[in-house]
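Visitor: Could you walk me through a couple of features here? I'd like the general idea, then the case itself.

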Amino acid sequence: MTTDVGNQASGTGKKQMILNAFVMNTPSHLAAGLWRHPRSKTDNYKKLSFWTDLAKLLDEAGFHSMFIADTLGPYDVYKGPANVVPALGAGAQFPVNDPLYLVPAMAAATKNLIFGVTASATYEKPYALARRFSTVDHLAEGRIAWNIVTSYLDSAARNHGLKEQIPHDERYAIAHEYMDVVYKLWEGSFRDDAVLADRETGTYIASDAVRQILHKGKYFEVPGPHFCEPSPQRTPFLFQAGVSEAGNGFGGKHGEAIFVGGQTPEIVKKTVDNIRAVAQREGRDPSHIKVIVGIGVIVGASDEEAEEQRKEFIKYSDSEGALALFGGWTGVDLSKHADDEDFRLSDSPRLQSLVARWSATVPGTENEPWTKRRIVEYLSLGGMQAKIIGGPEKVADELERWFDISGVDGFNLAHVVNPGTFEDISRYLIPELQRRGRFRTSVDREGATAREVFLGSKRLLDDHPGSKFKWAAGEEVPQYQR
């Protein structure tokens with residue numbers, strides 16, 4: 001079958017965008033304190049009805065997926081060490097509930113929306129994770145994706161019994177072997193014709209069609225077999241988010257859709273080109289990886305209305321929560337700096353580099369000092385990523401510019417208020433993108449699996465490294481065990 005992604009719009013010849021909604025199972029995801037805004041309902045994040053209502057809104061608007069972030073420890077660098085207090089009042093990614101449990105209910109309430117769920121290859125055991133994702137792939141009828149992360153917070157390491165984080169590059173070495181384990185479980189433990197469910201003979205699974213995987217490696221020893229029968233996709237569709245050289249190398253090998261960031265489309269293009277080059281070196285078709293950039297959008301009926309929204313949102317921002325998030329994302333404790341310090345002139349190369357990018361790209365801040373207050377205002381509009389503020393035409397113009405220059409396949413759209421941001425995107429932006437032939441007006445097939453939507457195949461493509469673990473019907477022994 002063909003994919004929904006990248007199809008040529010009828011009569012325009014234009015490549016179409018992927019649009020994902022970027023969310024988290026917490027009161028304040030990227031915009032600290034905005035949970036209390038009248039158009040936000042994220043204080044109801046504990047209720048399934050909040051999530052099923054949001055999923056139905058996104059599904060009806062045509063969003064491709066809901067991308068659910070997660071973290072396994074609090075942001076405790078600001079005013080630290082190990083101080084969670086600044087995050088508490090704002091609900092700034094504290095508390096955070098497990099995202100995977102939301103998916104079956106949301107899948108039951110929708111027809112086409114895909115659910116990308118973050119889980120860590122550093123702290124989750126591969127045998128248990130494989131079972132959980134197989135279970136949800138069954139219940140969601142294939143509309144599930146795994147966002148593979150290696151985790152980066154010291155607080156997560158401490159709460160998983162470690163004195164300090166495993167070194168960055170070793171975390172990725174562990175993750176590469178981790179993927180081999182789960183590929184063997186998902187692809188190579190049950191033969192393709194294993195499940196008979198034959199009522200006449202009374203045979204549910206053929207006696208010669210399930211094998212142990214007998215994995216023994218440097219980091220894992222997992223005998224198997226997998227404890228779940230093959231799910232619609234077997235291996236869930238694979239998202240990945242990593243910006244380092246090791247992260248890009250991992251994503252270029254394993255990822256099927258990769259989430260990236262960057263302040264300008266020109267910067268993002270370099271990342272996109274690097275990911276596709278890694279894929280080619282790994283023997284993969286570079287077009288078999290969809291690259292999706294994170295961006296914040298505030299859209300109204302007009303440019304003036306969107307600007308009024310921006311001003312109103314800032315009134316609800318929580319400085320302590322925003323600086324707690326900044327500390328978690330960067331490892332920099334801004335409490336050690338004066339309130340009026342201009343970080344363009346900072347002694348910290350990391351801070352200076354980050355603020356220089358913001359100063360060069362955020363409208364209206366040219367030659368203006370970047371103090372803590374300005375950083376709080378910027379973060380309160382949807383985190384550290386680039387932002388577009390305006391009416392439908394202005395926002396669509398800018399998304400098209402990013403799309404054409406960077407070479408990405410789509411956008412992870414962050415919210416300031418939830419569901420308010422997504423209501424505005426659905427009401428104002430999506431119709432404008434559809435009018436331009438840049439976004440789908442229908443789906444190719446209702447109920448398609450995640451991989452079918454993005455890549456046109458229910459199973460891993462043949463050039464993906466996980467495909468070598470497949471156990472085809474009729475084979476006595478899978479190829480990887482010969």
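Guide: Let's start with aspartate 333, which sits in the loop between α10 (319–330) and α11 (349–361). Helices here are DSSP runs (H or I, at least four residues), numbered from the N terminus. This is a predicted model, where local features need pLDDT of at least 70, side-chain atom pairs count only at pLDDT 80 or more, and totals for chains, interfaces and linings use all residues. Residues are numbered from 1 along each chain as its sequence is written, and side-chain values use heavy atoms, leaving out hydrogens and water.

Visitor: Is aspartate 333 buried or exposed?

Guide: Buried means under 20% relative accessible area, exposed over 50%, partly exposed in between (1.4 Å probe, protein chains only). Aspartate 333 counts as buried because its relative accessibility is 9%.

Visitor: Which residues does aspartate 333 touch?

Guide: Contact means heavy atoms within 4.5 Å. Leaving aside residues up to four places away in sequence, aspartate 333 touches Val77, Tyr78, Lys79 and Gly80. Lysine 79 is 254 residues away along the chain, yet the two C-alpha atoms are separated by 6.5 Å.

Visitor: What does the side chain of aspartate 333 reach at 3.1 Å?

Guide: The backbone nitrogen of lysine 79. There's also a polar contact at 2.6 Å with the side chain of serine 335. A polar contact is a pair of N or O atoms within 3.5 Å; within protein, one must be able to donate a hydrogen and the other to accept it, and residues adjacent in sequence count only if both atoms are side-chain atoms.

Methods: Helix = DSSP H or I, 4+ residues; strand = E, 2+ residues; numbered from the N terminus.
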